[in-house]
Amino acid sequence: MRWSQDLFRALWRALSKEAKQQVGKDQFGNKYYYVPEYKNWRGQTIREKRIVEAANKREVDYEVGAIPTEWEAWIRKTRKTPPTMEEILKNEKNREEIKIKNQDLYEKEKLLRKGSNEELLASPVQTQIKGHASAPYFGKEEPTVAPTSTGKTFQPGSWMPQGGKNPNQ
């Protein structure tokens, strides 16, 4: 099955005049290609392409981070020029230094927490959330089921919902 796909791709490239140029290779063995803009046999203009040929041919073998970020930026066309190996190694060294500094900071913070007197810190206050801020009674007492009146006209049981059915009927 694989040989038939390779044969089809080779035939397609021959017919479409697609000429890919190898631009570079990373430390994982992935190869990067550039295909400039060209016109195919039907006269259509095909835009430029940036292609990665993975070292692991099977998709299930792909892992996140298998392509360096510099090459990923080039593939996604967020950078114009392909990265150099020196640039990739320099950025990798910077990332390692940041990891070490982060780990050191974490350890110092851990020692400070352990050494400090935790009794000096106030415990967090438990708050009780009642209702939603958009509710008309937010921050006030919640409405009760018991009938209340603001005037002398209240008569218990005299109100009936409109359009509702009377349960006694």
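Which residue takes a positive phi in the hairpin of β1 and β2? Gly29 does, with a phi near 100 degrees, and the hairpin has five residues between the strands.

Good morning, colleagues. This is a predicted model, in which local features need pLDDT of at least 70 and side-chain atom pairs count only at pLDDT 80 or more, while totals for chains, interfaces and linings use all residues. Residues are numbered from 1 along each chain as its sequence is written, and side-chain values use heavy atoms, with hydrogens and water left out.

I shall begin with the strands. Helices (H or I, at least four residues) and strands (E, at least two) are DSSP runs, numbered from the N terminus, and two strands pair if DSSP finds at least two bridges between them. Strand β1, residues 21-25, runs antiparallel to β2, and four bridges join them. Within this pairing, Lys25 has Lys31 of β2 as its bridge partner. Strand β2 is also antiparallel to β5, through five bridges; here Lys31 is partnered by Glu53 of β5.

Let us turn to the aromatic residues. Rings of Phe, Tyr and Trp (its six-membered ring) pair if their centres lie within 6.5 Å; planes under 30 degrees apart are stacked, over 60 edge-to-face, and the rest tilted. By this rule there are two aromatic pairs. Tyr32 and Trp71 are stacked, because their ring centres are 4.0 Å apart and their planes are at 5 degrees. Since Tyr32 belongs to strand β2 (residues 31-35) and Trp71 to helix α2 (residues 69-75), the pair ties together parts that are 39 residues apart in sequence. Trp71 and Trp74 are edge-to-face, because their centres are 5.6 Å apart and their planes at 90 degrees. These two tryptophans both lie in helix α2, three residues apart, about one turn of the helix. Tyr32, Trp71 and Trp74 form one aromatic cluster.

How does burial look here? Buried means under 20% relative accessible area, exposed over 50%, and partly exposed in between (1.4 Å probe, protein chains only). Tyr32 and Trp71 are both buried, and Trp74 is buried as well.

Finally, consider Arg50, found in strand β5 (residues 49-53). Arg50 has 17% relative accessibility and therefore counts as buried. Its side chain reaches the backbone oxygen of Trp74 at 2.8 Å and that of Arg79 at 3.0 Å. Such a polar contact is a pair of N or O atoms within 3.5 Å; within protein, one must be able to donate a hydrogen and the other to accept it, and residues adjacent in sequence count only if both atoms are side-chain atoms.
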